Amino acid sequence: MTVRVRIAPSPTGDPHVGTAYMALFNMIFARHYNGTFILRIEDTDQARSRPEYEENIYSALKWANIQWDEGPDIGGAYGPYRQSERFDIYKQYAEELLSKGKAYKCFCTAAELDEMRELSAKQGGRQGYDRRCRHLTPDEIIEREQAELSYVIRLKVPLNGECVYEDAIKKRMTFPWADIDDQVLLKSDGFPTYHLANVVDDYLMKISHVIRGDEWMSSTPKHILLYESFGWTPPTFLHMPLLLGKDGKKLSKRKNPTSIFFYRDSGYLSEAFINFLTLMGFSMTGDQEIYSLDDIIREFDYKRIGVSGAIFDVQKLDWVNQQYLIKNISVEQLWDRIKEWSFNDEFMQRLMPLCHSRIKTFGDFMDLFNFLFINHLHYHDAIFVVKDLSKEQICYLIQSLIWRLDELENWNGTGVNQASREIAEIFGVNHKKIVMPILFASLMGKTQGPPLFDSVNLLGKDRTRARLLKAMEYLGGISNKKMASLKKAWQEKSGQPLMIKD
């Protein structure tokens, strides 16, 4: 068998460490078996997809030394490699399923779908689509079409029996069809859902093995059913263990730095970073932990991939990175590598305007700007003392600021300035006396420093977010119950100041 594998990230945000993790194992698998590794961009979410996010995917993976053989940027025999350029293909295959009786048109409105969910929730039954359009007669379908009612195309999932398949990592898997919804394949605007586009692309691009996170296991029966409906042979599935945070839950940007750029900008070596990622899902013989990419490619055996989720332990990453620093960078090379990281001329030219009129001697430089060159700020209670606010109330402000910045999709100095002023207004607090001191403390670890919003531009989005999260952690965070209440109040902002209560 000719091995062809792929990674298919969506350009809808920052390049996630999970993307690097999956891309890395796909590349290792392909290299070990002399196969082909493909990068495909799944940009069917037109509301959230951005060209700059796609460029960030390329930059992040290249920093991690992950190289693909076919993709949007380099071409290949099975393009185009962006799903937004393949819509006519998906429509053709959706129509084929309709003609075979394997799918059907659903004319239900959003209001009707909401009503179904509410009713099923009250009755305690299966909370999914009730399939009311599945049995429409041809005349009823024509009547709705003539009325120009919009529709989606849904997959006809069997009403009984089981889907049984063999996963190369998880072994035999069984899913009752009764637990699986009639999945939407083509939306009313003609855009495909992930499930249809994924299967069609994998078939047409001759993907032999689908290596992905085990959060997709519940979707695999739908994909297998699609393969069978088209009369195609499914690929071999390998579902990798999930990356978990220290709380044992799926790694989330709401609690952890998850952007690949955070680790790049924090001074980690790319070689150490990918070595660490391989430890998350794989064990080398002899419990070896420090090894090169060539080593794991040579010795790779998918049977040594773990089944349980792996804790993304930053302390372990620190240790791996230190081993690489000691073993792979000589004393003579060290300063050049540090300069390349953050003491380079380009970065310093950006910093000098903030520095020029604020230092009395060169010795003041590090006192003023040390926060730009360290990863772990040393917080203490005194810097977070804000009149009439408790630690938890400060967390409310910080969390709301994060939500607002995500809504704005603008984490530069201008965005933080705008969002922080809006937060002050929303909560009815003083921006200069309350919000600004909190930001200085969170981002710099002190009560004052160089211009805050210019400093945010130098810190960058990923380190700014990470420091806000770290400040909340230091302050004790927000309980799940109060987080839910805050989130609800945030979503229902009515123009009246939100109340900050313990």
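A residue counts as buried under 20% relative accessible area, as exposed over 50%, and as partly exposed in between (1.4 Å probe, protein chains only). At 34% relative accessibility, Tyr33 is therefore partly exposed.

## Basis of the report

The structure is a predicted model, in which local features need pLDDT of at least 70, side-chain atom pairs count only at pLDDT 80 or more, and totals for chains, interfaces and linings use all residues. Residues are numbered from 1 along each chain as its sequence is written, and side-chain values use heavy atoms, with hydrogens and water left out.

## Overall form

Along the principal axes, the C-alpha atoms fill a box of roughly 85 × 60 × 35 Å.

Buried residues account for 50% of the 502 residues. Among contacts (heavy atoms within 4.5 Å) between residues at least 6 apart in sequence, 74% join residues at least 24 apart.

The chain contains 20 helices and eleven strands. These are DSSP runs numbered from the N terminus: helices are H or I with at least four residues, and strands are E with at least two.

Strand 3 and strand 4 (residues 152–155) pair over four bridges, and Tyr104 stands opposite Arg154 in strand 4.

## Aromatic pairs

The whole structure holds 32 aromatic pairs. Rings of Phe, Tyr and Trp (its six-membered ring) pair if their centres lie within 6.5 Å; planes under 30 degrees apart count as stacked, over 60 as edge-to-face and the rest as tilted. The rings of Phe29 and Tyr33 have centres 4.8 Å apart and planes at 50 degrees, so this pair is tilted. Phe29 is buried, with a relative accessible area of 2%, whereas Tyr33 is partly exposed.

Tyr379 and Phe384 form an edge-to-face pair, with 5.5 Å from centre to centre and 65 degrees between the planes. Tyr379 is buried at 13% relative accessible area, and Phe384 is buried at 5%. Trp63, Phe262, Tyr263, Tyr268, Phe273, Phe276 and Phe312 form one aromatic cluster.

How values were computed:
Pairing = 2+ DSSP bridges.
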